[in-house]
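Here are a few exercises to work through with the model open beside you. Try each task before you read its solution.

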Amino acid sequence: MDILHAIATNNLYFFKLAKPFFISLPFPTLITTHESLNKKIMENLLSPVFPILLTMCIFSQISPSYALTHDYIRPPARGLVLSQHKRSESDPQQVHISLAGKDHIRVSWITDDKKVPSIVEYGKVPGEYNAMATGEHTSYHYFFYSSSKIHHVKIGPLETDTIYYYRCGGCGPEFSFKTPPPSFPIEFAVVGDLGQTEWTNSTLAHVGSKDYDVFLLPGDLSYADTQQPLWDSFGRLVEPYASSRPWMVTEGNHEIETFPIIQPHGFKAYNARWRMPFEESGSSSNLYYSFDVSGTHIIMLGSYTDFDADSAQYKWLQADLSKIDRKKTPWVIALLHAPWYNTNSAHQGEGESMRKSMEDLLYKARVDIIFAGHVHAYERFTRIYDNKADPCGPMYITIGDGGNREGLALNFKEPVSPLSMYRESSFGHGRLRILDETRAHWSWHRNNDSDSFTADEIWFENLSTSKQCWGNTNTQQSSSIGISDEL
């Protein structure tokens, strides 16, 4: 009888049979002191049916979702932070909010009690709720895991720049949030590849130490990687922040969670738990959408769904860009997961196909900034189009350093590209403060344990008022300044 050997790495289990055959599965290494959480995790891994599933995958010879292709060395990441549910079964947990169209907020939460109604009571005075909204609920199954009841309720219309107090499901604790301002200035906190480690805690504490209006996350949220209880733990970890300010997210590779034959369709947990305003923006998928907030149009793109010229995402993006009125939203920002420009050794070229497909659309629309994650480091580029410095192209920023369990991507390519303005392998977060119709300030804050250190910052203007750029939207030749580099 063949002996199955499991070799635990920092983010994958490799299973080796007696014959020279390897298969990798996206299961995180978990060593916890929480018996109840361990039990749920091990039920997924050690069920009597699991060897059958593994055998099916081996003999089907289908490529796994993820491959260990990194040629760099990551330092040890800090330990996982596993948050347990300490409220009653009927009380809300994992509460988070998101923008949901003009003057509306979507409140999402989970209850273990399936009888709790999907209602939100809210008002401007603590404990006094003069409005109520009813929403919808869902749940999902993943192998032997069954989610609790997932509620989504859209409330509004709401006043801008106002604190609201709310209660979910008719019972439990009171929460509060502040709506974004009606116009400039507005401040965004930007964090990618967040995870749920002690570094995550540090990043979130630094973010929360200073006020902001909207939280932007360009993919890789929980790092559950098929272990569904980690989605619950992540939701409880971020609740103090995500319940008080809108969190707008897009998907990363760690949200895919496919399994050959058995779970062929990805993003089951992500779509059920983190519903974004895709319908409000004319999108047919929760994996890409857009929204307006305080004079800014923000586009959330999907790196892990079809993006070629014949795809639904591409056609949606074309239509979305054509509707932008730069007099109403002079700033345009895009977020995606796999970076289009990258001088780190990690994940080289993984965003290239999407860049070749969509870069021209965003360039002609004069998008101001494009944020990405995926690479576990920070890097800021100059304005670029088609691998050349271009004053009419977007400024590209990679910010995949939120606190993930895999550690940092330490190795950058040498010599330094003239397109790369600043790069560093450290955990941290970014802040984009848009002051008015033309000026903005970007800063990146390195995690220094108990302190947050501003390591990189820049003042810049947007492209909406540039006569040079808007007089040349059909070609790039006259706006390119001739600095090129192979990234």
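Two strands count as paired if DSSP finds at least two bridges between them. Helices (H or I, at least four residues) and strands (E, at least two) are DSSP runs, numbered from the N terminus. This is a predicted model, where local features need pLDDT of at least 70, side-chain atom pairs count only at pLDDT 80 or more, and totals for chains, interfaces and linings use all residues. Residues are numbered from 1 along each chain as its sequence is written, and side-chain values use heavy atoms, leaving out hydrogens and water.

**Exercise 1.** Work out which strands β15 pairs with, and in which direction.

Solution. Start with β14 (residues 186–190): three bridges tie it to β15, and the two run parallel. Here phenylalanine 188 sits opposite valine 214 of β15. Next, go to β16 (residues 247–249), which is also joined to β15 by three bridges, again parallel. On this side leucine 217 faces valine 249 of β16.

β14, helix α3 (residues 198–208) and β15 form a right-handed β-α-β unit. β15, helix α4 (residues 229–242) and β16 form a right-handed one too. Right-handed means that, with the strands pointing away from the viewer, the path from the first strand over the helix to the second runs clockwise.

**Exercise 2.** Decide whether the two faces of β15 are covered or open.

Solution. In a regular strand, side chains alternate between the two faces of the sheet. Take residues 214–217 of β15: Val214 and Leu216 lie on one side, Phe215 and Leu217 on the other. All four are buried (under 20% relative accessible area, with a 1.4 Å probe and protein chains only). Both faces are covered, then.

**Exercise 3.** Say what kinds of residues line the largest pocket.

Solution. The lining splits into 11 nonpolar, 11 polar and nine charged residues. Nonpolar covers Ala, Val, Leu, Ile, Met, Phe, Trp, Tyr, Cys and Pro; charged covers Asp, Glu, Lys and Arg; the others, Gly among them, are polar. Finally, look for the main contributor: strand β17 (residues 289–293) gives the largest share, four residues.

Notes
Buried < 20%, exposed > 50% of the residue type's maximum accessible area, 1.4 Å probe, protein only.
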